[in-house]
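Dear colleague,

The sequence and coordinates come next, and what I found follows them.

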Number of protein chains: 2
Amino acid sequence: MSRRELFRMIGATAGGAAMFQAMSSLGFNAESPYNGPIELQGTPKGASVLILGAGIAGMTAAYELRNAGYKVQVLEYNNRAGGRNWSLRGGDSYTELGGFTQKCEFDKDLYINPGPWRIPYHHRGLLSYCKRLGVPLEAFVQVNYNAYLHSSQAFGGKPQRYREIKADYQGHVAELLAKATRQNALDDSVSKEDREKLLESLRGWGALDRDFSYGPSEASSDRRGYEKEPGGGLSARPIPSKPIGLSDVLDSGLWQGIPNGDTFDMQTALFQPVGGMGRIGEAFGRELGPLIRYSAKVIDIHQDQHGVTATYEDRLAPGTTLKASADWCLCTIPLPVLAQIPMNVGPALSAAISSVPYASAIKVGLQFKRRFWEEDDHIYGGISYTDLPITNIGYPNTGYHSSGKGVLLGAYIWGLNAMEFTAMTPQQRVQKVLEYGSQIHPQYPKEFDNGVAVAWHRSPFTMGCYGMWSADARAKHYDDLCRIDGRIALAGEHASFLGGWQEGAVTSSLDAIGRLHQLALAQGGKA
Amino acid sequence: MSRRELFRMIGATAGGAAMFQAMSSLGFNAESPYNGPIELQGTPKGASVLILGAGIAGMTAAYELRNAGYKVQVLEYNNRAGGRNWSLRGGDSYTELGGFTQKCEFDKDLYINPGPWRIPYHHRGLLSYCKRLGVPLEAFVQVNYNAYLHSSQAFGGKPQRYREIKADYQGHVAELLAKATRQNALDDSVSKEDREKLLESLRGWGALDRDFSYGPSEASSDRRGYEKEPGGGLSARPIPSKPIGLSDVLDSGLWQGIPNGDTFDMQTALFQPVGGMGRIGEAFGRELGPLIRYSAKVIDIHQDQHGVTATYEDRLAPGTTLKASADWCLCTIPLPVLAQIPMNVGPALSAAISSVPYASAIKVGLQFKRRFWEEDDHIYGGISYTDLPITNIGYPNTGYHSSGKGVLLGAYIWGLNAMEFTAMTPQQRVQKVLEYGSQIHPQYPKEFDNGVAVAWHRSPFTMGCYGMWSADARAKHYDDLCRIDGRIALAGEHASFLGGWQEGAVTSSLDAIGRLHQLALAQGGKA
């Protein structure tokens, strides 16, 4: 009996409170979409599954189905495993739709992740594969208090430190609420007993003075930073700094950047694989070895009552058409690509496949001659945010203090801006990103070395970054997308409520193969 | 001309605004206590300095003075370099005052740092030595949203997740302030123009609904966590969780733990050396090599018009008394120890030495048979806080997902509780810490392997954890402690406004040797 089943039983027999207590006593009270290693027992002898796509979803399935005794074959468009789980390193080259080829010229050990770049602690499925495959992890820094929040319209375009905006917003909020509370304006919401506790909490949390005001002080400087920091020896006394007024903070819009690390997906602990996100896909690829056929471009998927056959071109021998067949098929091909491949499924699944537009995101990696963000700006890892089209600048969360060159994420571009950048050549994108970034780091022009720009709408293997379900489309089509159609099941982040996250790929894959396995069991072997 | 001098000049001639702009354009507008590598030029030929203590302050001085051409000798009580910069590893043994010897039985690569364990990004002096000495750094996780806040008096003693308390406090604060704002209770503090911006900001920041209320919702669950987390495939829909009411949050006192990572010293980025904090002291020790005489217990310090002589016992040859002399002396011996060593300095310095009590802190490291905090509780790094005497539980910020045994910091005990624990045997301390910790992690009794407990008041080389200046003592004695008395200068965290921090040791040391150097120059060589 699984833990989940146990809880269900306790819940049914003893009620919710008992269930909550039982769950708590086992150390967790939120139900995770990942319930530990999948158990697929009784696999019919000789049963086979054809898997389309060697991304995280496809390889999760291949790994588990192989272990369960299925005959497994994976077809992969690229000449590498991983799909969007991918690190671009020096020496790599990448050709996008439209024909532009970029050769990455980063120094040894430097990389960017054009796709996913962080793993939240609660993405237990993906983490469990990191553990089982021996992929070492290190901390991903989402929030860096010394990184910048930048608005081209505020503070004369001068970037502010995150710590300053956060401390000042929090301080002003605390001061205002303390004022309203002391003026009895909230007496119908805050009981008399709570009132003093609330005030005490606001003083500490907001770094207020004894009189509940927020201003230049030791307390506020201990949040936002000092005019002169404390030191050692003579003339070591600190000098407090002066907070920014509420009106200026509100007017700047920079407060939007404050709760960034509070959201469930961006909370600590966050991880990145040592050496780049692509290490996961590479490890899966090594593990699966010859089960994956690379450079295989699927051009047709056909099922009948006996099985599923995929027709594919060998990209290394243009014009060569091959076929692969199996009893069942798990298809993880991203929807914009899949929509262009003939496949005989029912109208519900067909409609679902066409109902999900993909994000147009772009990532740009820039190599600089030195890690000036550490040396000059004292920013070690984390992210600066701006209202410019580049959206953010991500500093490397590894190799701190390294001498030599350094690579940062120069842009993570979204929406209409991304459309505009997609229309440019890669070189133009890099150039434009340099121009924007110089407003935050004036060192850019002098220190720039080289760059790469991945526009996901031009990615031949995905034609987009990830599925963006509208609420409407979700309500109409999501279940149809996930339901098995004959002998074909779909999986991937697009078949999840974790759009754009690798955990969506893992959990949708496990969910799909669990149901495929049930079907296979019901049929008792080969059709 | 140093940057600091440049700024002073600009400030004097063109005023504060121009200076601010000049500083900003160079990427920093807070004056750091560390101004780049110290420049000691024109060292008189043959000039010598005797340094007492091979901790961070002493070795910083030894490194710089040696490089500047001084003859340097360091006397160190322990048989290792580093002082409180120290990692206890398997195989190490430690004898405290009172005679108890502990043999550390941790597995290979596991350790605790009995002294400092984190380095803030703005501790530029210490960071620069890490860089120059080639000590690699990794992220120290201060705030882990999935770690616990625990009160033995609240929620039936059940630990809460940090994310829950933070989200709910923030949500309730935002809801209350939105209410007061909309009821016009703050019209004399918030202008009409700011009003709408404030409300908009509160909605986003506090995860409020459209009607500015905080309750169970997608938005609040995206902060505090879900009842059922979103997943992939069928039946993957998330279920929101239910926030804790304001009264319960306030009553619990757990809100005190919220701003922990907001304070200047605990903000990201924070670091730890790979392999333990002791790696810095070890690297310094290797760099200085034979300049350090180990196992040397100073028992007398005497100065005259020609120089300074320290008398010391060789701890490896009890009864053997030796002498070391130099033109000048930098004494970094912690004040409780120094106060017991005869030294002919003036009454002002003597009084200062006696004016600073030392913290009684205790750290306890526990080895467990497995990393259950990761496997069961999904806590990777960071700190849980409790109102129990153990104060906090620090999870290792390295080796995530390692199989085999794991070591965590089981307690960081303060004040009166520390006094009580200091009176126990090390074994009793470990036992007591296990009992307390079991209230937070019921896995403790089953998984415990072994432990070590360092009570700093029983440390023979410091007799306390660090100097705790009262405001009164600071006003009366701090400058006297830092001023050079004849040929003797003091340095260490106790001679800084960064009490307990290694950066205090570094900056006080640089400040002291800068002034010693000026004196030596003024004298033009040997006396």
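Across which strands of chain B does helix α17 of chain B lie? Helix α17 (residues 502-523) lies across β1, β16 and β22 of chain B, and runs at about 170° to β16(B), where axes are lines fitted to C-alpha atoms, for helices over the stretch in contact, and angles run from 0 to 180 degrees between N-to-C directions. Helices (H or I, at least four residues) and strands (E, at least two) are DSSP runs numbered from the N terminus.

Please keep in mind that this is a predicted model, in which local features need pLDDT of at least 70 and side-chain atom pairs count only at pLDDT 80 or more, while totals for chains, interfaces and linings use all residues. Residues are numbered from 1 along each chain as its sequence is written, and chains are lettered from A and ligands numbered from 1 in the order in which they are written.

The sheet in chain B is open and has 5 strands in the order β12-β2-β1-β16-β22, with parallel pairing; two strands pair if DSSP finds at least two bridges between them. Its edge strands are β12 (292-293) and β22 (488-490), each of which pairs on one side only. Strand β1 (residues 48-52) is joined to the parallel strand β16 (residues 328-331) by 4 bridges, and in β16(B) the bridge partner of B:Val49 is B:Trp328.

Turning to the interface, 89 residues of chain B are in contact with 89 residues of chain A, contact being counted if the C-beta atoms, placed from the backbone, lie within 7 Å. The largest share of the side of chain B that touches chain A, 7 residues, comes from α5(B).

A rotation of 180° with 0.0 Å of shift along its axis superposes chain B on chain A with an RMSD of 0.0 Å, the copies being superposed by least squares on the C-alpha atoms of residues with pLDDT of at least 70 in both. The two copies are therefore related as by a two-fold rotation axis, and the C-alpha of chain B nearest that axis is that of B:Leu177, at 2.7 Å from it. The same surface serves both copies, since 100% of the contact residues of chain B recur in chain A.

As for chain A as a whole, its secondary structure comes to 17 helices and 22 strands, and its C-alpha atoms fill a box of roughly 80 × 65 × 45 Å, taken along the principal axes.

With best wishes

Key: Two residues are in contact if their C-beta atoms, placed from the backbone, lie within 7 Å.
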